[in-house]
Amino acid sequence: MSNEVLWTPPSDVRETSRIGHYLGWLERERGLAFADFEALRQWSVRDLPAFWGSIWDYFEVVSHTPPTATLTDRQMPGTRWFPGATLNYAENVLRMPGRAGTDPAVIAHGQTRAPQTLTKDELRDAVRRCAAGLRRLGVGSGDRVAAYAPNIPETYVLMLATASLGAIFSSCAPEFGTRSVCDRWQQIEPKVLVTVDGYQYGDKPVDRRTEVAAIRAALPSVEHVVMIDYLGTGDSGWDALTAPTDEPLTFAAVPFDHPLYVLYSSGTTGLPKPIVHGHGGILLEHLKMLALHHDLGPADRFFWFTTTGWMMWNFLVSGPAVGATIVLFDGNPGAPSLDTLWALAEDTRMTYFGTSAPFLLACRKSGLVPRADHDLSTLRGLGSTGAPLPPEGFEWVYAAVSDTLQLQSLSGGTDVCTGFVGGVRLLPVRSGEIACRALGAAVEAYGPDGTPVLDQLGELVITEPMPSMPVGFWNDPDGSRYREAYFDVYPGVWRHGDWITINKHGGCVITGRSDATLNRGGVRLGTAEFYSVVEGLPEIADSLVVHLEDNEGGAGELLLFVVTTDGRDLDGDLTAKIAKELRTALSPRHVPDSVYRVPGVPRTLSGKKLEVPVKKILTGAPVEAAAAKGALANPESLAAFEKLAREGVS
């Protein structure tokens, strides 16, 4: 790990930061004094009731009935947080503390239409009208509302309106193909589908009405489709849904763990996991992270480049809960050039710019120097996630963007809808390193024997419960799928599936997934989705996909291995057909860099594909160390991958 310090906290950080204010509050209100961040962090994971109770009180959470306790017990899974409490996520977000009614709440830019700004009062009024419209469609507590829509104000209004009713929201970005969408929403059976007619990506109009028709046909549960006339086809039901009404803005008082929205994390087998997040857990986690770690408040303009298909959208749109204005962008960040988002930062007077490591590395590679072309004087925070950011990415930011902002590399997951390792104003920024483990997140690196290690690569685990851990998976009544996903390796301890090294001063480096899930351009993709498409082709008998990370933090290589039907050749036409099917059914991110024909796909005796062992072989591990041949149904299949590793995959 590099120890080069690139940014140092200002001398008055305790007086000027939100975490400094929180530390002062703890001392005044709780009689607790902490010498440094690490002492605070240790308390936060040791005394869970005191820490999370302080978050509830410090942020003055609006509730309808108070909790009878902070948590029932510390056992995972099964912890119940804030029993007895009723509240509403949307009510707390729309409070927008520290903001006047005429202050901007949402600033939206994109490539499909002119920029828009919604004030606090306008946002609250739009949510009021949308909630009334959903009520007219018969939407009530527990019903599902699905949005096939981009990162635009309507999607945000819809989410808050849905939450205000106690109904459950789910979104997919409109570039998702019909298979990806249906695999998600057939599981949760939405009652209402809200969709755009299409969108502009750079200078290219993309009509999605054919996909919308296919999605509706595959979802018999849908009783109403509401079209947003975004591309300009003239087909709009949104105006009717949000028509003027005298109905007041009200908020359903729901239990702390009442479902708020369903996010999806693609596993290595089966359908994408439908992860149910609750009102209270998401609210508390996002209040903590946005204010105490990202240092956001009423003076800030907070941006993250994301689609509605990534959990960072859900994280971004909690910004008003801490008083921050959120900046939305819909479009191609590389059109007309990689300068697009930096121009957006200048235009919107952005104070916090969130993006992915691959985007920063692409800017570096193209020779961009944003500070030379734009006034970025308001920018004081820059967030990077989705993939590890290597030292050269850190150094580019401080040389080419700003030498005064704080760069926060962070990592977390859809599963907890947050970052559990990241940055904080109290700590310096070191090149190539995530500054700390987040407050309330008991992150450890487990060695091979299942005990914590320092300065060694280990499995990233969470040893104590967090409020934003899932309420559960959809349609998993006995919790077996949920337990299997996180608690099958270390009973009672959450295993996340990442490799992490934690050093003696608390810094962290994530070095990729420890399981077979793919990470492509900062977006996690599941192998099962590949296989259902590729193996649906008559020419393909079997397939296996792996992602080889780039040690320098680039996009890496996505490699697809296929077994052809009747031993036919893998020619250019078939390769092109595979690429087209993946692009159409899933997304452009799913198109592999290379396709290889192999005699067979290695499987266990129970029939499970061996993505991880194949990846190890391709990155230089001996076959004997990568896989136990005795556990394979076809150990001879490994020979082809061993040969490819020797010759070099490309």
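This is a predicted model: local features need pLDDT of at least 70, side-chain atom pairs count only at pLDDT 80 or more; totals for chains, interfaces and linings use all residues.

Visitor: Okay. C172, buried or exposed?
Guide: C172 is buried, because its relative accessible area is 0%, under the 20% cut-off.

Visitor: And C363, buried or exposed?
Guide: C363 is buried, with a relative accessible area of 0%.

Visitor: How many disulfides are there in the whole structure?
Guide: The search finds 0 disulfides.

Visitor: Which cysteine sulfur is closest to that of C172?
Guide: The one in C182. The two sulfurs are 9.1 Å apart, too far for a bond. The cut-off for a disulfide is 2.5 Å between the sulfurs.

Visitor: C182, then. Which helix contact does C182 take part in?
Guide: The contact between α8 and α9. On the α8 side, T178, V181, C182, W185 and Q186 make it. On the α9 side, the residues are E211, A214, I215 and A218.

Visitor: At what angle do the axes of α8 and α9 cross?
Guide: Roughly 30 degrees, and the axes come within 10 Å. Helix α8 spans residues 178-188, and α9 spans 209-218. Angles under 35 degrees count as roughly parallel, so α8 is roughly parallel to α9.

Visitor: Is that crossing left-handed or right-handed?
Guide: The crossing of α8 and α9 is right-handed.

Visitor: New topic: α22. Which residues there are buried?
Guide: L638, A640, F641 and L644. The helix runs over residues 638-647.

Visitor: What covers the buried residues of α22?
Guide: The cover includes two strands, β32 (557-564) and β33 (594-597). It also includes the helices α20 (611-618) and α21 (623-626).

Visitor: And which exposed residues sit on the face turned away from the buried side?
Guide: R646 and E647.

Visitor: What follows α22?
Guide: G648. Its phi is positive, near 90 degrees.

Visitor: Another glycine: where is G479 found?
Guide: In the loop between β26 (472-473) and α17 (480-486). G479 is buried, with a relative accessible area of 14%.

Visitor: How far is G479 from G78 in space?
Guide: 9.2 Å, C-alpha to C-alpha. In sequence, G479 and G78 are 401 residues apart.

Definitions and conventions
Residues are numbered from 1 along each chain as its sequence is written. Side-chain values use heavy atoms; hydrogens and water are left out. Buried means under 20% relative accessible area, exposed over 50%, partly exposed in between (1.4 Å probe, protein chains only). Helices (H or I, at least four residues) and strands (E, at least two) are DSSP runs, numbered from the N terminus. Contact means heavy atoms within 4.5 Å. Axes are lines fitted to C-alpha atoms, for helices over the stretch in contact, and angles run from 0 to 180 degrees between N-to-C directions. Angles under 35 degrees count as roughly parallel, over 145 as roughly antiparallel, 65 to 115 as roughly perpendicular and the rest as oblique. A crossing is left-handed if the near helix is turned anticlockwise from the far one by less than a right angle, and right-handed if clockwise.
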